[in-house]
Structure formats: structure tokens, C-alpha cells
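Q: I'm new to this and want to learn how to read a protein model. Could you walk me through one?

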Amino acid sequence: MADDYLVRIGRLIRDARQHRGWTQTQLAEALGTSQSAVNRIERGNQNISLEMIARIGEALDSEIVSLGYAGPMHLRVVGGRRLSGSIDVKTSKNACVALLCATLLNAGRTTLRRVARIEEVYRILEVLGSIGVRTRWINDGNDLEVIPPAELDLDSMDTEAARRTRSVIMFLGPLLHRMDHFKLPYAGGCDLGTRTVTPHMTALRHFGLEITATDGTYIAEVDRTVAPKRAIVLTERGDTVTENALLAAARHDGVTVIRNASSNYMVQDLCFFLEELGVRVDGIGTTTLTVHGAAHIERDVDFAPSEDPVEAMSLLAAAVVTESELTIRRVPVEFLEIELAVLEEMGLDHERSPEYAADNGRTRLIDLTVRPSKLQAPIDKIHPMPFPGLNIDNVPFFAAIAASAQGQTLIHDWVYDNRAIYLTDLNRLGAQVKLLDPHRVLVDGPTRWRSAEMMCPPALRPAVVVLLAMMAAEGTSVLRNVYVINRGYEDLAERLNSIGAQIEIFRDI
């Protein structure tokens, strides 16, 4: 952009802000940036993207500023480029949303370090803000401060934001201790087929919660006379189910035993956070958790969630499919050990640094260097299992990796009703992916990737897999409407560009 154009845009933004009655600091907080950055934008001394102009327009409710917004975001990918250098893994998306829900347990101030700046987090923040929780980005937008009100205003909940994320279901555990009657919208998120909430209801019934579903809303009633009399056995070893049970147990004034619990990375981070709140949790990392709850929690806490193993797997897969040498730093290795063992058997050439501790002081990290490798299809099928098995969310990445390997790979994604179907989108890019049933695909490799223009799959991980394949394909590809990717990854296109990719963000104008 020319300097005079930046000055004109800056004046429009300043006028719209002043018309709204906001200070530069208030606008900065709404955007998750600093006051000095807003000042530079308004003086025309800051390059500003079309996306940022659109975000400012939405924040200020100003048509003048939002003229640049023209519908969904798309990606234009120039493929066939090698990646190089190093890249850090961001903090866990799934841990961050669980921790944001967990802040409802605490009457004190919560500071979360290096929170993932993603759409899923923004939706939860919108919901929290609408019910009276004060949140603000601090330390140049790196960290998040959360201060709850004395009383929540659930009648004012932003239901549109709530319906765009399935994470809002984790409000049930904290809220059942705060009020006897409340409502929550049906949960949304990825289109992954029927994902029953029955295991949540079964677990939380031990704390007196009864749910009636009507007209797109969960109506909750809490019987204060009911408390766990024996161990809670989860009917599904799910991550959010376990987290909901933990959140309920944390404010139960007694000891709660949770069996068949998930011990996955986001559950462990939630347990570490609960310990900071003064809630003792025995058995972290196992399938039996014993929670020593507290009826009232009021502490000022500072917590740093660990890095995201699924993002680490995404970056690993990017290196594999583009035949690149890449160093991925801050990899939570204990949640990728099975994946790395499978890839070793397939012939992956890689090197690991000595282990070191994450900022939470508990999770083990490594730096992982991946080199171009001649991969062979695995002998056994690829299928997920609860931790410490192969992570459910990492299964789709093996479709792109298998397509780059010699031979035939069977992938069995038994958890989700239709996620495997979206992996057949890789065929548009030259892969040979045969759908056997809604849960199983057969992948033949190696693949000569080719460019294509296509809509983004409506599920997060398959969408990223398609993007990675486009990066491997010679020529220019277009991936349309990538909101689902922004739900789970922070600035993914820009970060991939920093290591050699060529991805342009654009909108139809």
C-alpha cells in the first residue's frame, strides 16, 4: 500500500473509533494488540492487511472501515516449494479452550500465558464477555487476563458465538456449582457427524445435573442434595467428557474418583491448572483421577499451557509431504511418541534434541529435525487409540504422509462418523484415496501431487491435510473458505510462509 493510502485508512479508523467513543487502548484490547500499534495504524505508519481492516470494522461496527471485508477468507497456494529453517509449536488449542472454561471456577484473577490466538478461543471469549467475564490481552497481546464477575449474566449469553464452538459444553461443569437453573445453546464446531453428549450427562448427573434438550437449547436443573457416592465411571474415555467431570469435581467439597478418564495432553494441562487453584488431583497421566475439591476457589493464578502435539504433527507432515528438512521446536514428545515410532518404521529420517521442560514445568519437550525420506507404507493399519496411543486428531495427517509413501496404507478413523470421507478430497490433488466405508480409507502411494481449486473441508484436520497437499503440488492451488482452519491454528499461512511456503490470503472483492 502507498503511504498516502495508509494515512487515509488511518484517519477513517481514528474517526470511526472516536465516533464510537473508544480510546486507542479500548480498540487495542478488542483487537488483541497494543495501544502503540493502534496509534501507528491511525497515523498511517503501520502496514495493515485487508483482514485487519475487516476486524477493525467489526470491532467498531463501522461500515466505512469494513469496506474491505468481502466474505470468507481463501488461500492461494503456490506449491512445489521446499521448506527450511525452524518453527516453534504454538500452545495447545484444546488446552486453552478448556482452561478458559475452567476460569469460571475461580473467583480470582487468572492469567494464561501465550494463549492460542485462534477463532475457537475468540468464540469462547465472546461468550465469556457476554455473560460478564472481563478478559483482556496483556503483554503485547501474548497473554490473557480473565476476571470473573460476582454474578454471571447467562441471560445475555452470545448464543451465536456459543453455537459456533463445541467447547461451550464445558461450561456445564463449572456452572452447575454457580446456579440451580441455566440454559446453554446446542454445541457446534466441526462437522464430524453425530457426537453424542450423553457421556457428559451421565458423568455430571452424579453432581445433581439434569439436562432437558429443547429448541436448540440445553435446559439445566441442579439438585443440590445429589453428590457422588461412588467412583464415576465414564462411559466414553473422551477428552471433553473427562474435562467436564474434572471441572465439576473441582468445586465439589469432597473427594471424587473418576475412572476411565482420558489422560490426553489437554486433560493433563487442566489438571495442572486445577492444582494451581488449590485443587489436588491424584493420578494425572492415568485413567483414574482422584480430585480433592474445594467449595470455594478464589486465587490469583498465573499458568502457561503446554505446546500443541497436533500442531507439531501438522508441521511434521508438512515437512514430509514437501520433502523438506525442517526443525520443529518445542514439540511435546510424550504425546507424539507413538506417531514417531510408526514414522520411524516407515523410514523417517529425523533427529531429536535432549528433552527439556515446558513452561508449565511438567510436559516434556524436544526439538525435532525432519529430513527428506523414502517412506514405505506401514505394515499395520493406522488407527487411533486413547493416550498413550496414536492421537485421534493426528490420524488425518497420515493420509497425506501415506500418499507420499511407497505402498498401500489402511487408515481406520473409528471415532468420527464421517471424517474419513473428507480425506477423499486429496484425490482432487492427485492422491489415490479409496473410501471403504465412513470410517476407513485405503491410500496408495507415492503421489504425484497436482494443483487444484476446491472448497475447504468442514472439519479442521482434513482441511489442514488438504492445505499441506497443496503445498506439495506444483502450480497454484486455491483453498476456499478456510474459517475452519482459523478455528484451530494461529496465523498458519504466515507461519508456513516464514519457513519457505508461498501462501496468499485473499477475499473475493
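Q: Is His 350 buried or exposed?
A: Buried means under 20% relative accessible area, exposed over 50%, and partly exposed in between (1.4 Å probe, protein chains only). His 350 has 14%, so it counts as buried. By the way, this is a predicted model, where local features need pLDDT of at least 70, side-chain atom pairs count only at pLDDT 80 or more, and totals for chains, interfaces and linings use all residues. Residues are numbered from 1 along each chain as its sequence is written, and side-chain values use heavy atoms, leaving out hydrogens and water.

Q: Which residues is His 350 in contact with, beyond its neighbours within four places in sequence?
A: Contact means heavy atoms within 4.5 Å. For His 350 the partners are Glu 344, Leu 368, Thr 369, Val 370 and Arg 371.

Q: How many residues does the largest nonpolar core have?
A: Nonpolar side chains tend to be buried together in soluble globular proteins. A nonpolar core is a set of buried Ala, Val, Leu, Ile, Met, Phe, Trp, Tyr and Cys residues joined through side-chain atoms within 4.5 Å. Here the largest one has 154 residues, and Ile 485 is one of those with the most contacts inside it.

Q: Where does this core lie?
A: Between domain 2 (73–90 + 307–507) and domain 3 (93–303), because both give residues to it; such bounds come from an automatic or database domain assignment. Another core, of 14 residues, lies apart from it and includes Ile 13 and Ile 56.

Q: What does Ile 485 touch, not counting residues up to four places away in sequence?
A: Its partners include Cys 456, Leu 460 and Leu 492.
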